[in-house]
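I am opening a notebook page on this structure.

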Amino acid sequence: MTDKKVCACCPSEITEINDSEEHVIPNSIGGRKKVRGFICITCNSSFGQSWDTKLAEQLNWFSLAVGIERERGSSPDEIVQTVDGTELRLRADGTMTRKEPFFQRTESDGKANIRMFARTEREARKMLQGIKKKHPKFDLEGELKNLKMTPFKEDSALQHRLELGGSEAGRSVVKTAIAQCVGLGIPAHRCEIGIHTLKTPTDDRGFALFYIRDVVIDRPQTDLFHLVSIRGDSEKGTLLAYVEYFGAMRVMVNLSSKFEGDSFTDVYALNPQTREELDLSVNWDIPATELHAAFNGFGLDANNFDLACRNATAIASDMRKMRERHHVHREELSAVLSQLGIPPGGIPEPKDYDKFNGMMEEKLGSLSEFIKKIPPMPDD
């Protein structure tokens, strides 16, 4: 007799008709790997709209900054704020603009003086057509020919206020951990604590933010990544997962206290921008006292959390600036990338930053430092 496959989130038996392809890591933040025989189509749709959506909202700034490509649609624009209080709109292409278009009309010596700022070419055309209606002598065609899109430069550093965790986002992480187990051949119902967590909205003890220590061995310092690691310990009978997104969100998941079989450690990691799988390792030599503390609400070391978020936002900011320059100086950049042997649409590796900056300066004149760290974030 074989175990029946039952949906991890409801009592329905998984069949060929209602089986779904579930992303291990949510597609909304760059996941591509899928598993079957895990949850039914109904639950896939329902919890994708709740748990995964909440997770994606919390990590949307990173998705926009690095250029996550979804299978359907794109990451929504996000309103960000500078230290001086200016509100800007961060878009999917990595560029930033004012939150709203700007239009100002003043009178001087019987003449109308107009200042305007449009976020898109279509928006600019519409605003110019409005001027033409009120001022028939306005040279609409001439102004349209001279219409030029220029990059918007923020004069103040951005504030990055990350709010990570909570019941819904946490359950998305638990779902990811169980999906990875299913992909390894471990039936979902063998993750009894994880399944209980998914089915019990009032019980969050199955997952915890984990910033007590950095468990990623030789952590990449210039790249962001997603990582799911599963650890089965036959001596302790435990099945745990460590999940990390963009280097900022770090969560420990308790899947089972009845694990049977050979001890093992599995790590699945990928670059969410290039979708390339990465060879990373996790140190599971974690004291039981730290795990106990985490699952009882004491896994958030403030200093480590702050350091993780600062590092992650600095890397993402560098990547966003690279993509913004790519967008604005596409032709010049294409020539430079070709000389560096990088395919169209690619991004230079950190080791090529200095050479890239020098070649761009030759084409575009004197530029401020292209790749730089963001200033320290203000205290809340």
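Entry 1: I am working with a predicted model. I started at Glu 69 and Arg 275, whose side chains meet in a salt bridge at 3.6 Å, N to O. Glu 69 sits in the loop between helix 2 (60-66) and strand 3 (78-82), and Arg 275 in the loop between strand 14 and strand 15, so the pair ties together parts 206 residues apart in sequence. I checked accessibility for both. Glu 69 is partly exposed at 48%. Arg 275 is partly exposed too, at 37%.

**Entry 2: the hairpin behind Arg 275.** Strand 14 and strand 15 form a hairpin with six residues between the strands, and Arg 275 takes a positive phi near 65° in it. The two strands pair in the antiparallel sense over two bridges. I noted both partners: Ala 269 goes with Leu 278, and Leu 270 with Glu 277.

Entry 3: Six strands form an open antiparallel sheet in the order 9-13-12-11-14-15. Strand 9 (207-209) and strand 15 stand at the edges with a single partner strand each, so one side of each has no neighbour in the sheet.

Entry 4: I then asked which strands helix 5 lies across. The list is strand 9, strand 11, strand 12 (238-245), strand 13 (249-256) and strand 14, and the helix runs at about 60° to strand 13. I picked Gln 180 in helix 5 (residues 167-183). Is Gln 180 buried or exposed? Its relative accessibility is 1%, so I logged Gln 180 as buried. Among the residues Gln 180 touches are Ile 230 and Asp 266, the facing pair noted above, and also Val 24, Lys 33 and Tyr 268.

**Entry 5: nonpolar cores.** I listed the largest core next. It has 66 residues, and Phe 62, Ile 178, Tyr 245 and Leu 255 have the most contacts inside it. Helix 5 gives the most to this core, with eight residues. A second, separate core holds 17 residues, including Leu 227, Leu 240, Leu 291 and Phe 295. I also checked the contacts of Leu 255: they include Ala 177, Ile 178 and Cys 181, as well as Ile 230 and Leu 240.

**Entry 6: other charge pairs.** I went back to the salt bridges; the count comes to 15. Arg 219 and Glu 244 meet at 2.5 Å, N to O. Arg 219 lies in the loop between strand 10 (216-217) and strand 11, and Glu 244 in strand 12, so this pair ties together parts 25 residues apart in sequence. Arg 219 is buried at 15%. Glu 244 is buried at 0%.

Arg 310 and Asp 306 are both in helix 8 (residues 302-328), four residues apart, about one turn. Their closest N and O atoms are 2.6 Å apart. Arg 310 is partly exposed at 27%, and Asp 306 is partly exposed at 32%.

I found a network as well: salt bridges link Asp 19, Glu 21, Lys 34, Arg 36 and Glu 71.

**Entry 7: one last distance.** I looked up Pro 350, in the loop between helix 9 (330-339) and helix 10 (353-364). Pro 350 is partly exposed at 28%. Pro 350 and Asp 223 are 127 residues apart in sequence but 8.7 Å apart in space, C-alpha to C-alpha.

Technical notes
Residues numbered from 1 in each chain as written. Predicted model: local features only at pLDDT ≥ 70, side-chain atom pairs only at ≥ 80, totals over all residues. Heavy atoms only, no water. Pairing = 2+ DSSP bridges. Buried < 20%, exposed > 50% of the residue type's maximum accessible area, 1.4 Å probe, protein only. Contact = heavy atoms within 4.5 Å. Axes fitted to C-alpha atoms, helices over the stretch in contact; angles between N-to-C directions. Core = buried A, V, L, I, M, F, W, Y, C linked by side-chain atoms within 4.5 Å. Salt bridge = Lys/Arg side-chain N within 4 Å of Asp/Glu carboxyl O. Lists of a residue's contacts leave out its neighbours within four places in sequence.
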